[in-house]
Amino acid sequence: MSSRRFGSQSLVRLLGHWQQDTSRTPLWRQLADALRLLILDGRLALDTRLPGERELALTLAVSRTTVSSALAHLRDEGYLESRHGSGSRVILPDSRTPPTRANASAALDLSTAALGAGPEIHQAYTHALTAITQHLTQTGYDQLGLLALRDAIAARYTSRGLPTRPEEVMVVNGAVSGLALVLRMFTGPGDRVVVDHPTYPLAIAAIQGASCRPVGVSLPQTGWDIDGFAATLAQTAPRLAYLMPDFHNPTGRCMDATSREAIAAIAAHVRTTLVVDETMVDLWFDAPPPPPLASFCPNGNVITLGSAGKSFWGGLRLGWVRAPARTIAALAQTRDTLDLGSPLLEQLATLWLIENGDTFLPARREMLRERRDRCAALLREHFPEWRFQMPEGGLSYWVELPDMLATQLATRAEAAGIHLGTGTRFGLSGSFDRYLRMPFSLETAELESALMRIKPLWLALNKSGRAFKRPFV
């Protein structure tokens, strides 16, 4: 497999503000820590080939010795492999349990916004094991998904104000898988895809993985920039626009009905297909969101993505696509080149969860509300320099720091065994280095422990006492 070469300018943008002039940490070590962070959170993919030492030193405006020492340190740790004349490529340490974010057991993970399984997951699988018996005489291959599950998903959309039939639903292996399938059918290399800015990192990865160009529309302080969205569609002629109107990741905001109607009308006017990600739709605190964005678009140029991951449990790895029946039929043909359908046991478990959601989702929302409020109290007490708004739903805060310090704080936290989600993961070209996504999905004691370990790192980093002139919300 050939390595993908990462350009020096692209790498510099990803590194963000990695260098701290006042730090006693040697410059080469700061660079090594910043590069390791990119590898651990997946922004530097495995087998990526880095620029040469001379080129990287020139672009970073540091000495070649600094670059050489940083790369040598990462080679010693097992994160790079170098060959004479071929540069350095990204690898992972050769051990039984590589120290990645997914399995670093000793680390506290504040980079992932997700909940563990509740007791209802065991009930769902117990039911599914019984229900699967009647399906064992069949092949188990079904590209559209179990009819009973599609019928239940369609009924959910109908009850929310979007009349839907089972033939307008396809079950897929998670919302990101659904997005990748849509990109495969609708786009080609070089096509533009408009996104909120910031937005969900795996959506950016899926768009770039399809060799498309994400084009960001910046989110204002509140709500969505409707005029900016219209101008961007008119100026860039994108093939798709990807939006997350329901408790947007990472900001937690919810698009109101008036904005949904305006967005739908703009997209219909310029004939741009909207891909609407509803993975957070069940995680509301004060009131459920308005009707689905697709309900404001009668001509049908909206594709809606749903998921069981946030509502129920990420381990289900099950999602769905809701679109006009003709689009679903075309997606099924495109899916032939990817897989033969979704696991039947997970579909049966998800069917049970959807049918019984009203018995446990209210308690799940109340638990998240309490954790949100407790997290806010901790942030206000221990990090008064940070600003944030109370999210209307979802799993995290979008925290603004008083300066572009997110990358530096994350590298220090990584060394202390705490994974942080820097704002740069949610932006294009290294944007949002003054932001952190702070999940409140952890149990309160675990979250407080993590924040107390971060506090001295932040105080040491923010020695100048930088703070906002206006208070946070």
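Entry 1, a helix pair. I looked up helix H2 (residues 27-40) and helix H13 (residues 406-415), which pack at an angle of about 80° with their axes 9 Å apart. I note that this is a predicted model. Angles of 65 to 115 degrees count as roughly perpendicular, and H2 and H13 are therefore roughly perpendicular to each other.

I then listed the residues that make the contact. H2 brings Asp-33, Ala-34, Leu-37 and Leu-40, while H13 brings Thr-407, Ala-410, Thr-411 and Glu-414. I sorted the residues of this contact between H2 and H13 into four nonpolar, two polar and two charged.

Entry 2, a sheet. I found an open sheet of four strands in the order E5-E14-E15-E13, and its pairing is mixed. Which strands stand at the edges? They are E5 (108-110) and E13 (396-400); each has a single partner strand, so one side of each is left without a neighbour in the sheet. On average, neighbouring strands of this sheet are turned by 30° against each other, direction ignored.

I also checked one pair of strands. E14 (residues 418-422) and E15 (residues 435-439) pair in the antiparallel sense over two bridges. For Thr-422, I found that the bridge partner in E15 is Leu-436.

Definitions and conventions: Residues are numbered from 1 along each chain as its sequence is written. This is a predicted model: local features need pLDDT of at least 70, side-chain atom pairs count only at pLDDT 80 or more; totals for chains, interfaces and linings use all residues. Side-chain values use heavy atoms; hydrogens and water are left out. Axes are lines fitted to C-alpha atoms, for helices over the stretch in contact, and angles run from 0 to 180 degrees between N-to-C directions. Angles under 35 degrees count as roughly parallel, over 145 as roughly antiparallel, 65 to 115 as roughly perpendicular and the rest as oblique. Contact means heavy atoms within 4.5 Å. Ala, Val, Leu, Ile, Met, Phe, Trp, Tyr, Cys and Pro count as nonpolar, Asp, Glu, Lys and Arg as charged, and the others, Gly among them, as polar. Two strands pair if DSSP finds at least two bridges between them.
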